[in-house]
Amino acid sequence: MLRRASGLLARPILAARARPFSTDLPAAQTADATFVEAWKKVIPNMDPPKTPLSFMQPRPPTPSSIPSKLTVNFVLPYASELATKEVDMVIVPATTGQMGVLPGHVATIAELKPGVLSVHEGNEVTKYFISSGFAFIHANSFADVIAVEAVPLDRIDASLVQKGLAEFTQKLSSATTDLEKAEAQIGIDVHSALNSTLTG
């Protein structure tokens with residue numbers, strides 16, 4: 001029985017090794033040959049439709065050596081804060097804790113929680129308070145940070161934060177429905193994170 005179980009466990013591992021990793025895939029775009037072939041059989045006199053892949057830029061190749069800089073894109077739904085900016089390091093407030101991203105970081109996707117995003121460029125550090133979002137760190141020393149809302153720390157009024165925290169705490173205590181409780185708790189979480197950021 002044990003011999004059979006160990007044989008079964010070994011099979012998926014060998015199959016997984018044969019599968020290419022994302023770094024092994026070509027950086028250039030490739031068309032879906034099976035789809036194009038099927039399209040030509042059904043409608044030979046018409047070009048196949050464009051897919052989302054045809055509108056994407058090719059992925060930059062993974063460098064053979066670690067670059068000295070990290071290229072960062074930091075975007076909001078209504079604006080682009082940083083576009084292909086080369087920096088030394090970025091620290092993001094991931095749900096698992098503060099995560100520092102340097103050039104050559106392993107490819108990662110991290111969910112962001114309310115907290116401080118700091119961008120380090122030489123001796124200069126720019127800090128933003130972000131409400132939530134995602135960070136996509138690519139193997140080619142590129143990082144994409146997408147936030148729902150972000151504000152530079154120097155533009156935050158501490159008295160308004162205290163006022164908002166008090167208001168949402170009051171709303172939570174007087175909430176009667178689950179929706180009201182959830183909305184009040186989100187407000188408390190964001191204002192508490194803002195408050196702890198400003199106070200130290």
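# A guided tour of the predicted model

A search of the whole structure finds 3 aromatic pairs. The model is a predicted one, and this tour begins with one of those pairs.

**Stop 1: two aromatic rings.** Please select Phe-35 and Trp-39, which form a tilted aromatic pair. Their ring centres are 6.0 Å apart, and the angle between the planes is 40°. How far apart are Phe-35 and Trp-39 in helix α2? The helix spans residues 33-42, and because the two residues are 4 residues apart in it, about one helical turn separates them. Colour Phe-35 next: its relative accessibility is 34%, so it counts as partly exposed.

**Stop 2: a charge over a ring.** Move to Phe-168 and display Lys-171 with it. Lys-171 lies over the face of Phe-168, at 5.0 Å from the ring centre.

Stop 3: Select residues 115-121, which are strand β6, and residues 124-130, which are strand β7. The two strands pair in the antiparallel sense, with 7 bridges. One place to look is Gly-115, whose bridge partner in β7 is Ile-130. How many residues lie between β6 and β7 in the hairpin? There are 2, and Gly-122 in this turn has a positive phi of about 65°.

**Stop 4**

Stop 5: Select Ser-131, in the loop between β7 and β8 (133-137). Is Ser-131 buried or exposed? Its relative accessibility is 18%, so Ser-131 counts as buried, the cut-off being under 20%. Now show the residues that Ser-131 touches, leaving out those up to four places away in sequence: Lys-113, Pro-114, Val-148 and Glu-149.

**Stop 6: the nonpolar cores.** In soluble globular proteins, nonpolar side chains tend to be buried together. Select Phe-74, Val-92, Leu-117 and Ile-130, the residues with the most contacts inside the largest nonpolar core, which has 23 residues. Then centre the view on Leu-117. Apart from neighbours within four places in sequence, Leu-117 is in contact with Phe-74, Val-90, Ile-91, Val-92, Pro-93, Thr-126, Lys-127, Tyr-128, Ile-130 and Val-145. Another core, of 7 residues, lies apart from the largest one. To end the tour, select Ile-156, Val-161, Ala-193 and Leu-194, which are among the residues of that other core.

Note on methods: Residues numbered from 1 in each chain as written. Predicted model: local features only at pLDDT ≥ 70, side-chain atom pairs only at ≥ 80, totals over all residues. Heavy atoms only, no water. Pairing = 2+ DSSP bridges. Phe/Tyr/Trp six-rings, centres within 6.5 Å; stacked < 30°, edge-to-face > 60°. Buried < 20%, exposed > 50% of the residue type's maximum accessible area, 1.4 Å probe, protein only. Lys NZ or Arg CZ within 6 Å of the ring centre and 35° of its normal. Contact = heavy atoms within 4.5 Å. Core = buried A, V, L, I, M, F, W, Y, C linked by side-chain atoms within 4.5 Å.
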